[in-house]
Number of protein chains: 2
Amino acid sequence: MFGNRPPASPPLALSAKARRTQEAPISALIGAAVANPDLISFAAGLVDPTVLPAEQCLAITQRILADRPRAQTALQYGTTQGLKALRQQVVSHVEQLEGRPASSYSISADDVIVTTGSQQTLYLVADSLVDPGDIVIAGNPSYFVFTGTLQSLGAQVLTVPMDGDGMEVDAVERLLERLEERGSLPRVKFIYCTSYFDNPTGLTLSLGRRQRLVEIVKRFSRAHRILVLEDAAYRELRYDSPDLASIKSFDATNQYTILTQTFSKPFAPGLKLGYTLMPPDLMHCVLHQKGNHDFGTSNLCQEIALETMRDGSYCKHVEVLRVRYRSKRDALLAALRRHMPPSPQVRWTEPRGGLYVWLTLPPSIDTSRQGPLFKQCLDRGVLYVPGEYCFQPDESGHIPRNCLRLCFGQVTTEQIQPGIQRLAEAVKQQMDTTASPASPGCRAQRESGAVA
Amino acid sequence: MFGNRPPASPPLALSAKARRTQEAPISALIGAAVANPDLISFAAGLVDPTVLPAEQCLAITQRILADRPRAQTALQYGTTQGLKALRQQVVSHVEQLEGRPASSYSISADDVIVTTGSQQTLYLVADSLVDPGDIVIAGNPSYFVFTGTLQSLGAQVLTVPMDGDGMEVDAVERLLERLEERGSLPRVKFIYCTSYFDNPTGLTLSLGRRQRLVEIVKRFSRAHRILVLEDAAYRELRYDSPDLASIKSFDATNQYTILTQTFSKPFAPGLKLGYTLMPPDLMHCVLHQKGNHDFGTSNLCQEIALETMRDGSYCKHVEVLRVRYRSKRDALLAALRRHMPPSPQVRWTEPRGGLYVWLTLPPSIDTSRQGPLFKQCLDRGVLYVPGEYCFQPDESGHIPRNCLRLCFGQVTTEQIQPGIQRLAEAVKQQMDTTASPASPGCRAQRESGAVA
């Protein structure tokens, strides 16, 4: 593999964590996309390149860098926690989203940290809490980059099913009860929940379940606090539903919940900025960790983010994105209705926001990277993310293999219909050539309940 | 401490790593600086705000963001490893610094990673290699942010003395021999060395020692490879000495050494960009870790860095910084000569580059945060970094307390003379009031050999 190394050189002695860390599965897919430029890719979770805020960022950087004192701040080191003015702006922004003062859930700018994308927050929170063998609870399926991070930290990721109202919080409660009976409650560190337009399913946690989830973690916080890590990366990409109050907003004392949001999806990934509201004692630890990682995120990017929120161009841009992505979502759902074979075993989610549709196929169809459908799709020039990457194995080690994720972020509107047509043709061919009896994959997928 | 938390809430259950992670000592100093705006601070390692490249960044961001395809790249997600064009540019830049083709030490753009400052590289490399109990060898004194990181990972940081030629590599060899005798060689992961104008001492590793260090790690790489982590953050801030070949350049096969450099010191910390050349098998692991941390550093910042290297403004700016910092260094050394009490026990380094002067005082003087000199200096309105933060304890737990670090980065030229006068007056007062016999701190400091 590393052909340049002379044979005499001894190997590296890696840390236990490095040995646990695996390549993100998406990397192999990117390789496939690069190899075929005609490929229509519903795989990568990139944003739409045609609606990136170039003009806004041009105007803003001119304003910042032509103003000498401000340029000096933008180009100097900052603090580990992030620019105070940006943290204050973020609090106002979240107040607008929630429609309630931040003080009503005990949040001030001191409780906000700015990170290198919200991914860095996910990492820092997990690294501050998780030792090998500790337990994190997530939906099944779940965001595979973060479950990979958790595994590299040695966490056991235990899962609960998803249904049309998002993560089944009654199942969280039952799982915690079982863990308590087994004496494993002390190992449970947090519940990870993508509360708005989930990646990969597109599902949103219902309002009632949000409140319930806070009640549940409070109730099971006996000798230590069990937290909820609420990933709201897609919150603002909302197309035809009212905004819901966050899980965080039900945590009046800011003790049990972490809310992380980002500038990547609703503005520009190139700034690589996320922000997070968290309890003060956790903030204390996370700041120490971030001090060791990088002692602060780019001040220039933070100044740009501050200015776009201040001058109103942020909210205007979010509106532009909503219109654009709504029409792409509609095109994707229309193409699925038009081209997919009519069968009760072929169903998909209809997201009210975000960038993802989750497709469930007959249990006989194997969507995995090594399976026949993936290869057929590659041959026909269409790419998806195999659902297997998003599932945790059940107690017998089984992973459903009849689902896939479609992202309508980067693909053009014009590509959507032909892309889905190619996918549907490959699906039909597989349905014609495979047997129909339910495979073991079927049961697990029905339990996970992704709705059509 | 967290007054808002109702007493009923149970505590967080932190990871072992979070429990090992301590607040960076510099944070307390920043608090002191904020409390007194008249303070002249030689403490913070910030760069000079008056020579930040605002005009260059203004011109460059205009060029990037007005060019639609380029703006789309700058504002989109990138790759975990970083922009290929920037990595290629970095290889050319390092070739110019070394005066040799990168191929002569087996480096191509594939061996370069772009990170959130070089600090992130230090973290990622350490996290990929170090388990609790593993050994890292560093100079004494050493860069305290990174030794803090190493301790949070559970590393034992063993040290060797410094002299006028930098880290004593003969002492590295002897230490490795002793570790081998004890059977501890398998735990040695890497040697950390700030090879140019060291933080905190200002010392530079001599050319002969660079080559020797590579030979030593090769020789002691028995069952696993021992690496050299070369931190060259200050390399380009060179005032009156020829550039030296890096340690990396003596590693012809790119197997034993990691070279990390930054845009923060020679250009602008606000971009928060560093770049690192490393062996391919280590790159493989580090990329997986960075994938979990943030899956890539800001593309906008990377595009700016690429453009400033391409259009020549980077090299021009480095020249401006050299002139500026050279004159500040000269002012600092002149003020020390003028104001410090003439005594063989009062001596300081005369750095040929970088941002730091290391001052050694009579052993009877305690420079520590809680000691009388620090308080006197605060009262007189001058701030330094206590040397104690930079030392690792010896086998009896002893840390020298008669040294301090002076940074001439952020302070203005006009502040240097009065600032050093205040410091010298405090030192004289302490010398008058303390006894002269050598304290145990003296011997350790003489062994660590920071030269006058």
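Let me begin with a term: a residue is called buried if 20 or more other C-beta atoms, placed from the backbone, lie within 10 Å of its own, exposed if 12 or fewer do, and partly exposed in between. What you see above is a predicted model, in which local features need pLDDT of at least 70 and side-chain atom pairs count only at pLDDT 80 or more, while totals for chains, interfaces and linings use all residues. Residues are numbered from 1 along each chain as its sequence is written, and chains are lettered from A and ligands numbered from 1 in the order in which they are written.

I start with helix α5 of chain A, residues 84-98, where helices are DSSP runs of H or I with at least four residues and strands are runs of E with at least two, numbered from the N terminus. In α5(A), Leu86(A), Arg87(A), Gln89(A), Val90(A), Val91(A) and Val94(A) are buried, and the buried residues of this helix pack against β2, β9 and α11 (299-310) of chain A, contact being C-beta atoms, placed from the backbone, within 7 Å. After α5(A) comes Gly99(A), with a positive phi near 70 degrees.

Now to the sheet: it is open, has eight strands in the order β2-β9-β8-β7-β6-β3-β4-β5 (chain A), and its pairing is mixed, two strands being paired if DSSP finds at least two bridges between them. Its edge strands, each pairing on one side only, are β2 (112-115) and β5 (166-167) of chain A. Within the sheet, β8 (residues 257-262) and β9 (residues 274-277) of chain A are antiparallel over four bridges, and Thr260(A) has Thr276(A) in β9(A) as its bridge partner.

Technical notes:
Contact = placed C-beta atoms within 7 Å. Axes fitted to C-alpha atoms, helices over the stretch in contact; angles between N-to-C directions.
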